[in-house]
Amino acid sequence: MDTLTLQLMNTDFYIAVPKGIHTTWKDQAEKWLQYVAKEWSRFQPNNELSKLNDLKIGETLRLNASLYDCLQRANDYHLRTNGVFSPYLKLQLEQHGYNQSFPFKVANTNLQVNLISGKPLQFLGNQQVMKVAHQEIDLGGFAKGYSIERLADWLEDEIAPDYGLIDGGGDMKMWSNSEKNWTIGVADARDVEREISTIKIKTGAVATSNRIYRSWQQGTIMKHHLLNGRTGSVANTDVIQATVVTSSLCDAEVGAKLCFLLDEVEQQRWFLENHQRSARFIVKEGDEGFWTMTEVRKC
């Protein structure tokens with residue numbers, strides 16, 4: 001295998017394709033991931049995302065085509081989940097103390113921020129957006145999933161059609177049109193060196209979300225990074241880790257978050273209504289985890 005490893009977005013990236021591909025794919029892959037890490041992070045000053053968040057009501061901005069597409073897709077999930085998933089929670093995350101890049105264990109108490117209903121952006125087409133409400137954007141893990149999916153599509157289409165894999169801190173996209181099979185381990189929520197389940201797959205996507213790793217103390221309260229988009233509050237759940245396996249990494253990213261924000265009946269309904277053939281491995285406090293399957297309904 002020909003491989004590339006990178007450390008970006010507080011994430012270890014691993015990319016693998018067959019040997020013997022004499023192209024500059026590594027340079028192009030690294031350039032793309034560095035661009036996303038620099039320009040789409042809410043922790044980087046004077047980047048594309050900060051210019052967007054700094055807009056005043058009524059102002060417009062023309063975005064890079066990739067950022068515009070990523071925002072549109074995130075907004076589509078926001079609508080499809082009736083606001084439970086939201087990319088518009090930067091201020092609320094900061095209110096809860098997530099105003100610095102991980103790792104950290106203790107956060108300052110910030111002022112209360114009111115959740116303003118509705119999306120803060122109007123998509124005007126031609127890569128332009130208008131600010132329409134006092135909310136700000138945090139693309140978070142969705143940006144990582146989107147960037148991996150875009151890179152995987154390019155590698156499969158133009159560089160390595162036989163097979164390949166991208167792993168970004170457990171968020172993975174893999175493909176195979178040959179005999180290649182992938183075996184993916186699911187790590188213990190509290191001990192990443194220990195596997196508690198495995199996934200055997202040829203082509204698809206895997207996303208894992210864990211509320212222990214990105215958690216901190218704010219005053220006397222333990223908090224984590226998974227917020228309900230309708231309320232801006234930290235998800236109150238006994239789920240500590242969720243892994244979703246499906247065809248799209250963006251679907252898997254959002255689906256993994258919904259495992260913390262919806263009960264099991266609501267989760268199943270959402271996956272069924274969105275016609276996703278998927279599997280979910282849920283770990284709750286005090287148990288070793290269980291699989292739940294969803295099959296595409298036949299019309």
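The model is predicted, so to speak of local features we need pLDDT of at least 70, while side-chain atom pairs count only at pLDDT 80 or more and totals for chains, interfaces and linings use all residues. Residues are numbered from 1 along each chain as its sequence is written, and side-chain values use heavy atoms, with hydrogens and water left out.

Let us begin with the charged pairs. A search of the whole structure turns up twelve salt bridges, where a salt bridge is a side-chain nitrogen of Lys or Arg within 4 Å of a carboxyl oxygen of Asp or Glu. One of them joins Asp138 and Arg42, with 3.0 Å between the closest N and O atoms. This pair ties together distant parts of the chain, 96 residues apart: Asp138 is in the loop between strand S6 (128-131) and helix H5 (140-159), and Arg42 is in the loop between helix H1 (25-39) and helix H2 (48-53). Helices (H or I, at least four residues) and strands (E, at least two) are DSSP runs, numbered from the N terminus. Asp138 is buried at 17% relative accessibility, and Arg42 is buried at 13%. Here buried means under 20% relative accessible area, exposed over 50%, and partly exposed in between (1.4 Å probe, protein chains only).

The loop between S6 and H5 also holds Glu136, which is linked to Lys90 in helix H4 (residues 90-95), 46 residues apart. The closest N and O atoms of Lys90 and Glu136 are 3.0 Å apart in this salt bridge, and both residues are buried.

Next, look at Arg211 and Glu285, whose side chains meet in a salt bridge at 2.6 Å, N to O. They too link distant parts of the chain, 74 residues apart: Arg211 is in the loop between strands S11 (204-210) and S12 (215-218), and Glu285 is in the loop between strands S15 (278-284) and S16 (290-294). How accessible is Glu285? Glu285 counts as partly exposed because its relative accessibility is 48%, whereas Arg211 is buried at 15%.

S15 and S16 run antiparallel and are joined by five bridges; two strands pair if DSSP finds at least two bridges between them. Within this pair, Ala279 stands opposite Met293 in S16. The two strands form a hairpin with five residues between them, and Gly286 in the turn has a positive phi of about 85°.
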